[in-house]
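Thanks, everyone, for making time this morning. I would like to walk you through one structure, going from a whole chain to a contact and then to a sheet.

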Amino acid sequence: MSTLRIRGLCVHLEGRLIIGPLDLDVAPGERLVLAGASGSGKTTLLRAIAGLVPLTAGSIELDGERIDHLPPGARRVAMMFQSHALFPHLDVAANLGFGLKARGARDADIQTRVRAVAERLGLEPLLSRLPASLSGGECQRVALGRALLRDARLFLMDEPLSSLDAPLRARARGELLQLLRERSSPTLYVTHDQAEALAFADRLGVFAQGRMLQLAPPRWIYRQPASLEVARFIGVPSINLLPLSVDAAGVHWQQLRLPIEAPPHTPLLLGLRPEQVRVEGSQWARPLPGAPQVTARIESVETLGDQQIVALSVGTERLLARVEAEFAAVPLQTVQIALDLREACLFNAEDGRRIAP
Amino acid sequence: MSTRLLQSPLLLLAPLALGLGVLLVLPALAGLLLAFTDYDGVSPPRWIGLENLRAMSRDPLFSTALWNSLWVALFAVPLRLGLALGLALALQRRSGLAAGAVFLPTAVPDVAWALLWLWIANPFYGPLAWLLAALGWRPDLWLLDPVAAKALLVLITLFLIGELFVVLLAARREIPPALYDAALLEGASAGFVFRRLTLPLLVPALLFLGARDIALSLQTTFTPALVVTKGGPNYATLMLPLYAYQTGFEYLRLGLAAAQTLTMLGLTLAMMAVQTWALRRWRALGL
């Protein structure tokens, strides 16, 4: 049962701080997903843990053993790359067995273990094929097979599904989840795909500029983002942010008085997810006694199959609402909307931090 | 002239095509015809069919020149490729300065390079003699030894590896870094990575350069053989192009010289065929 423990990790590249200082614990069998915009340092973090990028400070422990001074090959860490990194001149069998051969295993052993993994992943018919003749999904499975053969204490996955098309990605994600569940090693999974992050994560870390902005279960991050940056990053379509004014008479959005308390003299933003904006007439908008109501105009409607996203305008403000697919939304029509403030978040507009709840 | 005509690709190609035609294609065609004639450059050429080829096959000096050329190619090509590969791998992450230093000798004109070696290899006052003496070895006049003289030609060409180096450097940099990361994480040693990853992925470039270098070595030995060793001692450095030059311009047997040159062309084409075949085989592997 491996545990990953990172303390005070810093990485500099060309004298510039790329990551850190970072503390992180990943429990045995836990899948921790790192999400963040490109250039946020998440891939560099994986490479630092793997030993492909040197640390400038801090420590990495696996099973209580310091591994940060070990060469990459001695860390017993398996990594899956975005490009799959298959060796183009070797057939699938040799790709799978590359690491075993490099570590001096006997040919008969290599063959047995490669066959076992190939059988598990349905790669047997491909064993003598070269990577150039494989589809994206097949390449991904070979890369996965190679990682499984590593006998690793930790799995590092750098957007391993990003090169697949959407339907294939969903299936590959399911297979990957099942395989990882069978193992007790922790997994660090990097992605910029939110659906993937939410589906995969036991805990989700939102990463930006080499720092962990928030680390929590995905549902928690969606409901209670720690800052404006996190709130904006997680959720499709993105969160509505309504500027509030606070005076002696109370808290107002536009002319509407809101039943919430807020510190005076602070520029505030109210964060409301599209499902917290309830459109009158929608089956998803059950009556909420006491919820502030306002008249809005429907600007446009986007159908997503199982639901619709309605763009509304209230005065000069625009906001998005989520309604069921059957809802008859007609552009330019006016509707009553109710704001569900029970789980709404308040942010300080200046420093972006969440104030309440 | 309208701009349309000025921009036509044919017009843009014309100067080069004209130059190639006058300086390369016409002489080559003339050479092809001359190979079947007896021609001394003064009296008109006389058609003699395959007589030049027959004369060549009976000429012991021609077989010596052919053997010498192959001998030098046999040693020079693997050594040059090995050296260029070693330097490309060693310098792939360095600045351009080191790479420039490797390329520099290739940019020196042939004759200047050969004259420099005439001084370096001088057994009485050349630095090579000092160096060998400093190592406690005082060989005889090495330019009188057939093997040593050929070895000197090989040594001279060992410094002219700029093009090989640049191509191999580019080929090495083309290999995706993720492959090396993957190998490193699997615990592969440097030797294993070289044998199982770098070398196989550089094979297409090495095959191409090897074939090209063999063909080229038939020509590049001309200047050092002419300037430094003058074909000697006892014909030990008489290379095919030098022999063709002597036959044509010293003994004025231009027809025979053309036939000798044609043989060189045949050799070159054969080598290119082998190279093309090998590359096709490699491509069939999906690379």
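Predicted model: local features only at pLDDT ≥ 70, side-chain atom pairs only at ≥ 80, totals over all residues.

Chain B holds 14 helices and 2 strands, and its C-alpha atoms fill a box of roughly 75 × 70 × 40 Å when taken along the principal axes. If we consider the contacts in chain B between residues at least 6 apart in sequence, 72% of them join residues at least 24 apart.

Turning to where the chains meet, the contact takes 20 residues from chain A and 18 residues from chain B. On the side of chain A that touches chain B, the elements giving two or more residues are strand E6 (77-80) and helix H2 (92-102), and the largest share, 3 residues, comes from H2(A). By class, that side of chain A has 14 nonpolar, 5 polar and 1 charged residues.

Let me finish with a sheet in chain A, where 5 strands form an open, antiparallel arrangement in the order E15-E19-E16-E17-E18. Strands E15 (277-279) and E18 (317-324) of chain A stand at the edges, and because each has a single partner strand, one side of each is left without a neighbour in the sheet. Neighbouring strands of this sheet are turned by 45° against each other on average, direction ignored. The partner of E18(A) is strand E17 (residues 307-314) of chain A, and the two pair in the antiparallel sense over 8 bridges, with Val310(A) standing opposite Ala321(A) in E18(A).

Definitions and conventions: Residues numbered from 1 in each chain as written. Chains lettered and ligands numbered in written order. Contact = placed C-beta atoms within 7 Å. Helix = DSSP H or I, 4+ residues; strand = E, 2+ residues; numbered from the N terminus. Nonpolar A, V, L, I, M, F, W, Y, C, P; charged D, E, K, R; others polar. Pairing = 2+ DSSP bridges. Axes fitted to C-alpha atoms, helices over the stretch in contact; angles between N-to-C directions.
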